[in-house]
Amino acid sequence: MSCEVLACLQWLCSHPVPVSFRLCFKDFFIHKFKAVLGKNRIIFPGEKVLLAVSGGPSSCSMLRQVQEGLSQKANKKLRFVPGVAFIDEGAAIGQSVEERQRTVAELQAVFQATGFPFYILPLEQVLDLPASVVATNPSPSEQPASAYKAAVHHFVETDGSNFPRPQEPKKTLLPRVQESHTLMLQQLLGSVKTLTAREELLNTLRQHLLVHTARTEGYSKLMLGDSCTRLAVKLLTSISLGRGAQLAQDTGFSDSRYGDIILVRPMRDYSAKEVAYYNHLFTVPYVVIPSVDTKTVDKASIQRLTESFVTKLQTDFPSTVSTIYRLTSEKLQTACRKRSGADGCDRCLLCLCSLDTAVGE
Amino acid sequence: MCTHGGGAELLFNGVKKHHVTLPSQSEPWDMKQLLVWIQRNLLKERPELFVQGDSVRPGILVLINDADWELMGELDYQLQDQDNVVFISTLHGG
């Protein structure tokens, strides 16, 4: 819903915000989530989907949408089997062990309330990952479009009894982290000279850990909570960072660079403002965790500068974010799609996207 | 009552809720004056991350009694007794 439509809806229902507006907004918000999943048809009934939750408003809102969508009372229930993954990045911002444990405990309470299995992953674990994490695994064979409909039909007929049941959440103890590991990670991040590069590195490490967890725990899809605003900023940042060729994968709804694990971004139609508003009205719990660019000045990194640029422009021109997003990301295609696969075009070791280094072709 | 969320509370020493009693004056208080008051009395650090010029920094959502302040006149809105004002930073977090 664009900002203008949201504003109109509120004005029509007039102040103070009455119950009718809240319900209207809630229905619309939930509907949008299911619609984007339904339209794209890549999450099959009974499939295991790992939700990457950072604790921030967007990913926690996504978690709430999944809960709402799976609940018995839901109209057109969602049909997949979720798990939640949280990466504790306290080491990257120099938090003490106590501070990290406090944050983790807060989030653990939120996750336990959902009843979904969850995984608390200290970022330090990324240092121990096998080399296989930076390999694209063969993807399951392309399903024809009709397979989705057939799968849904089958699921409904059998009442979902043949599909994996949502697992009992394991009793997860807060993982212990060796101090040497924390130091090693901090050294790695400290060796990077600019905040821009550090943010990119963190992004890469985060993704590797998430993909590895998805693979080892048997999940075939990974859901990320990036909002429209975030993706618009990411789009412009990527161009500045020389990642123009990878825009479709970095900001699109689905990202198949890892082959066996598909990344999906169901929150990409929600602006940060909508998410904040929904979370406030419907008390969605989230935890504010500082990151490497918290409280930094505008020019501290390319990411911060782009974010500042987009946000300021958005104030005067409320369709900025939706324009950047709609006109570019939806029209972009991955150029290498046909070539990749059997003959395997060269990929970057860090981001696993196809290399775009041919000069003057 | 003044509430800060979404990360904005980091600028207020982590305090999320403030019950605010504004000193009485002849004219009713408006949002513009409230912002100045907040900056002087509640904001603990980095004012430029909260206010910009007369208004809030872009990216901060302001709700007055759960409605977007853009619908209430933004800075010109005149505060009433028991009004609930919420500042949510939309910049922090995904």
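Here are some numbered notes on this predicted model, meant to be read with the structure open.

1. **Chain A overall.** Start with chain A, whose secondary structure comes to 12 helices and 6 strands. It has 361 residues, and 50% of them count as buried. If you take the contacts in chain A with a separation of 6 or more, 77% of them are between residues 24 or more positions apart.

2. **Where the two chains meet.** Now bring in chain B. On the chain A side 33 residues are in contact, and on the chain B side 29. Together the chains bury about 2,500 Å², with 60% of that on carbon and sulfur atoms.

3. One pair to look at is B:Glu70 with A:Lys273, whose side chains meet in a salt bridge at 3.3 Å, N to O.

4. **Which parts of chain A do the touching.** Four helices of chain A each supply at least two residues to the side that touches chain B: H1 (3-13), H3 (57-70), H10 (272-281) and H11 (302-316). H10(A) gives the most, with 6 residues. By type, that side of chain A divides into 13 nonpolar, 13 polar and 7 charged residues.

5. **A buried arginine.** Is A:Arg304 buried or exposed? Its relative accessible area is 4%, so A:Arg304 is buried. You'll find A:Arg304 in helix H11 of chain A. Beyond its neighbours within four places in sequence, A:Arg304 is in contact with A:Glu199, A:Asp293, A:Thr296, A:Val297, A:Asp298 and, over in chain B, B:Arg57.

6. **Salt bridges within chain A.** Over all chains, the whole structure has 21 salt bridges. In one of them A:Glu68 pairs with A:Lys26, the closest N and O atoms being 3.8 Å apart. A:Glu68 is in helix H3 and A:Lys26 in helix H2 (residues 19-40), so this pair ties together parts of chain A that are 42 residues apart in sequence. A:Glu68 is partly exposed at 22%, and A:Lys26 is partly exposed at 23%. Then there's A:Lys221 with A:Glu47, at 2.6 Å, N to O. A:Lys221 sits in strand S4 (residues 221-223) and A:Glu47 in the loop between H2 and strand S1 (48-52), 174 residues apart. Both A:Lys221 and A:Glu47 are buried.

7. In chain B, the side chains of B:Asp54 and B:Lys32 meet in a salt bridge at 3.6 Å, N to O. B:Asp54 is in the loop between strand S3 (51-52) and strand S4 (55-56), while B:Lys32 is in helix H1 (residues 31-41), so the pair ties together parts 22 residues apart in sequence. B:Asp54 is partly exposed, with a relative accessible area of 46%, and B:Lys32 is partly exposed at 37%. Back in chain A, salt bridges that share partners join A:Asp226, A:Arg243, A:Asp250, A:Asp255, A:Arg257 and A:Arg265 into one network.

8. **Cysteines.** A search over all chains finds 0 disulfides. For A:Cys60, the nearest cysteine sulfur is that of A:Cys228, 19 Å away. A:Cys60 is buried, with a relative accessible area of 3%. For A:Cys348, the nearest cysteine sulfur is that of A:Cys351, 3.8 Å away, and A:Cys348 is in no disulfide. A:Cys348 counts as partly exposed at 23% relative accessibility.

How values were computed
Residues numbered from 1 in each chain as written. Chains lettered and ligands numbered in written order. Predicted model: local features only at pLDDT ≥ 70, side-chain atom pairs only at ≥ 80, totals over all residues. Heavy atoms only, no water. Contact = heavy atoms within 4.5 Å. Buried area = accessible area lost by both parts, 1.4 Å probe. Salt bridge = Lys/Arg side-chain N within 4 Å of Asp/Glu carboxyl O. Nonpolar A, V, L, I, M, F, W, Y, C, P; charged D, E, K, R; others polar. Buried < 20%, exposed > 50% of the residue type's maximum accessible area, 1.4 Å probe, protein only. Disulfide = S-S within 2.5 Å.
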